[in-house]
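Please work through each task before reading its solution.

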Amino acid sequence: MTWDSDCLIIGAGPAGLTAAIYLSRFHLDIRVIDDGRSRALWIPESHNHAGFPDGVSGTELLLRMRAQAERYGTRVSTGRVTRLEIGEAGFEAEWGEGVYRARTVLLATGVENRRPSIDEALHDDALAQGALRYCPVCDGYEVTDKEVAVIGTAGRGVGEATFLRSYTANVTLIAPDGAHALDEADAQKAADYGIALVDGPAHVTGLDNGRIVIDAAGSRLVFDSVYPALGSNVRSNLAVAIGAQTNDTGCITVDSHQRTTIPGLYAAGDVVIGLDQISHAMGEAGVAATTIRNDIAGETPLLR
C-alpha cells in the first residue's frame, strides 16, 4: 500500500501545528489541511500563554507555529476536508485537491462557539477591542474590577457568572432569549454571589467608547465586556462519519494516548473534552504525535 503521507492532520490550530512539529521532527511525512477557522485566530492578545510576558495575538502565535512546522518539512494546505473514510490500509480524505491517502489521521478540528445575537462585523470589532470575550479562564484577569455581563442562563450561565465573580463584583447575567430558566439552586447561587439577573432577549447592538451595548428586555445596558455562555458546537463530524465514539456533547472519545476508538485515528485539542486552553491542546498534541510515531514504528521499524 502506498500512502501520500504518514499522517494527515486536519486542523492547524495550536494542537494541529504542535503535532506537526513533533511528527516532522520524528522524520515522518506530514500533511496538514486547514480551513482557517481556528478559534485561536480570534484572540487579539493573550497574556496567559507561557513565554510571552508582553502578550501574543492568536494570529502571530499560529504563524510562528506554522513556520516552525514547515521548517522541518510539514506541508500545510488550505482547504476543508469534506470526506474521510477508512481505506484498505489507512484512510482516504477528500478536499479541493482530490483524494488523499494517509497511513494515520489526527483530528484537531476544534469547536465553534455559539454566538449571541450580534451583527457579524460588530462581533469581530468587539472581539478585537476586548469588549466581547469567550474564555474567562484565558482572560478573566483582564476584566478585574470592571463591569461585566454574561449572556446565558441555567447552570452554564450561572457557572460562568460565578467564575467571573472572583475577578469583579460587577457581574450581570442576561438571559439570551426570554425569562431566565433558573432552578432553585441556581437562583440561590446567583443571589449568594451578588449576581444581577436581567431577562432577555439579549441583543448586542453596538460599541460606546470601547464598551459594549446590549439591548435586553427593552433596556439599554452598557458593560466593559460581555461573555457569551451559550455553549459550543464540536467539530467532530468526520470522526462520527467513520464510526468513532463521541460523548454526549459530541467530543471525540480518546484513551490516555489520544487514540480514538478507530485504529489509526487520533484526536487532540478542543475536539476532545478538556479545558479548552491552548496549553492543554498543545500538551495533548505532543502526546498524540509521540503515540502516532510509536504506533507506526511498531508496524514498520523507523530506520535511517
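**Exercise 1.** Which residue in β14 stands opposite Ile 212?

*Solution.* The model is predicted, so local features need pLDDT of at least 70 and side-chain atom pairs pLDDT 80 or more, whereas totals for chains, interfaces and linings use all residues. Residues are numbered from 1 along each chain as its sequence is written, and side-chain values use heavy atoms, without hydrogens and water.

Step 1. Strands (E, at least two residues) and helices (H or I, at least four) are DSSP runs, numbered from the N terminus.

Step 2. Strand β13 (residues 211-216) runs antiparallel to β14, and five bridges join them; strands pair if DSSP finds at least two bridges between them.

Step 3. Opposite Ile 212 stands Phe 223.

**Exercise 2.** Describe how α1 and α2 pack.

*Solution.* Step 1. The axes of α1 (residues 14-25) and α2 (residues 58-71) are 9 Å apart, at an angle of about 20°. Axes are lines fitted to C-alpha atoms, for helices over the stretch in contact (heavy atoms within 4.5 Å); angles run from 0 to 180 degrees between N-to-C directions.

Step 1. The helices are therefore roughly parallel, the term for angles under 35 degrees.

Step 2. Among the residues in contact, Leu 17 and Ile 21 belong to α1, and Leu 62 and Met 65 to α2.

Terms used. Angles under 35 degrees count as roughly parallel, over 145 as roughly antiparallel, 65 to 115 as roughly perpendicular and the rest as oblique.
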